[in-house]
Structure formats: structure tokens, C-alpha cells
Amino acid sequence: MDFLEEPIPGVGTYDDFNTIDWVREKSRDRDRHREITNKSKESTWALIHSVSDAFSGWLLMLLIGLLSGSLAGLIDISAHWMTDLKEGICTRGLWFNHEHCCWNSEHVTFEDKDKCPEWNSWSQLLINTDEGAFAYIVNYFMYVLWALLFAFLAVSLVRVFAPYACGSGIPEIKTILSGFIIRGYLGKWTLIIKTITLVLAVSSGLSLGKEGPLVHVACCCGNILCHCFNKYRKNEAKRREVTRHGLGHIVQESLCIYRMNICSS
């Protein structure tokens, strides 16, 4: 059987909830590399293909780092904004959170750096006052309402579109790295829903953090980007190598976000 050819249906393929054949996958990659090396001596185009195949791993790692880092930054910024949305909005720009809203204010002092006329609480917007028991009740009601809305949306999106997006995902990823097949666990729908619902869950005030689920997000990025390269798309063992390296990127990013949150608090 030629390991470089497309797999015959039912032969050498893996069903869901099965374990990959590490020896077969390593043999396929070794035979593929040997054939590319032999062909590189025949023509210039084959030599270019050989060089591009050798550097495809570096390019893939770069893309995974950029994509996972961008998503981590987007999740962190969005979570900060939606957390402050429970307390009020910025009249200067709805997309500003509380801290950014007061940065350029001319009426803020160092002692009261979080108080500026551009930031309005929900009681100021609804009843035009921020003092008294009724204003406190309005702010409390809006805070609870937004928190319940965020939590409900997070649960609904996961339940309807991507059940695999629930939880941190770390135990399942460790199982996948050991060679187990779970179809769809690192797919595009899981990545999209995980990113959106992670922001909603953190913003709602639930007792969870975004550092653990970011591992699942980074592994989804690695698995999706692997399909852009033949070297990794057709080899389950090589894809797990990429996922393992992707974990290193996101662990460093999670530590940076964790330290930033500690310093800001």
C-alpha cells in the first residue's frame, strides 16, 4: 500500500472515539519526506517544494501564535468592556470601557480617576440621578439583569451550536494528544462558540477564568490551520505535534494576561 496516496475508504482511516496508529502515521511521514527529498534533485520546482515543505512547520507555528494571540487579546478586551457594561456606558463612545472612557477626560483627578462626567451609570441614564436608595436599586437591578443575560446567552449558544465548547477542555485535549480521536472537538464551530461564550461567561461574573479555556482555543487554532498544509492535514500524528507546540504559545499568553490582571487589581 502506498502511504502517499489518498487513504482507501475503510482502510487506514480512523472512526470517532478510536486511537490512531502512531507507527503507521510515522511511516507515512517518513515515506513522504523521502519521496520529496528524492524528487528535489530532479528539477528546480521540486527543490522549491522541498524547501517550502521544510519551512512549513515554522510558518504554521507563526500563524498559530498570531491567531491565538489575537483571539486572546480580543477575549480580554471584550470581557473588560462587557463587565463594565453591567455598571453603565460611556457617552463619549459606547465601545469604551470605564477605564478607557476616563482616560482623556479633563475633569478627572488622580484621587477620583474612575469618576468622570463621560461615564454614566444606569441610574443616571434611566432616572437622571446617581444618589439615593432608588438609584442603588436601579443600578443593582441592571447589574443582575446584564449578568443573567450574558450567562443565558453563553449557555444557549454552547447547548445549541457547539456542546464541545463547554468546560475548560484541558482533560479532553490531553486525551486527544495521547492519540484519541474526538471529531469536532477542535473544529471551527467549537472555536467560534468558545471564543464568544468565553467572553459572555467571564463578563457575567461566573466563578471561572479565561486562562484555562484559552488552551482549548489555541488547540482549535492549531488544528484548523493544519488543514492549510498537506504535511499536517493528512497525518494525525503530525497534527498532534502542532497542537502540543500550540499549547506552549497559549500558556505563555495566559501567564501574561494573568499577571496583567494581578497588576491592574
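1. A quick definition before anything else: a salt bridge here is a side-chain nitrogen of Lys or Arg within 4 Å of a carboxyl oxygen of Asp or Glu. Arg240 and Glu236 meet that with their side chains, at 2.8 Å from N to O. Keep in mind that this is a predicted model.

2. Where does this pair sit? Arg240 and Glu236 are both in helix α10, four residues apart, or about one turn of the helix. Arg240 counts as buried because its relative accessibility is 5%, and Glu236 counts as buried too, at 10%.

3. Glu236 has another partner: Arg183 forms a salt bridge with Glu236, with the closest N and O atoms 3.7 Å apart. This one ties together distant parts of the chain, 53 residues apart, since Arg183 is in the loop between α6 (170–177) and α7 (188–204) while Glu236 belongs to helix α10 (residues 236–264). Arg183 has 39% relative accessibility, so it counts as partly exposed.

4. The search of the whole structure turns up 11 salt bridges.

5. Elsewhere, Glu25 pairs with Arg24 in a salt bridge, the closest N and O atoms lying 3.1 Å apart. Both Glu25 and Arg24 are buried.

6. Now the surface. Phe134, Tyr136, Ile137, Tyr140, Tyr143, Val144 and Leu148 make up a nonpolar patch there, together showing about 780 Å² of accessible area. Tyr143, one of these, is in helix α5 (residues 133–161); with 35% relative accessibility, Tyr143 counts as partly exposed.

How values were computed
Residues numbered from 1 in each chain as written. Predicted model: local features only at pLDDT ≥ 70, side-chain atom pairs only at ≥ 80, totals over all residues. Heavy atoms only, no water. Patch = residues over 30% accessible without salt bridge, like charges linked within 9 Å, V, L, I, M, F, W, Y side chains within 5 Å. Areas by Shrake-Rupley, 256 points an atom, 1.4 Å probe, with all protein chains shown as cover. Helix = DSSP H or I, 4+ residues; strand = E, 2+ residues; numbered from the N terminus. Buried < 20%, exposed > 50% of the residue type's maximum accessible area, 1.4 Å probe, protein only.
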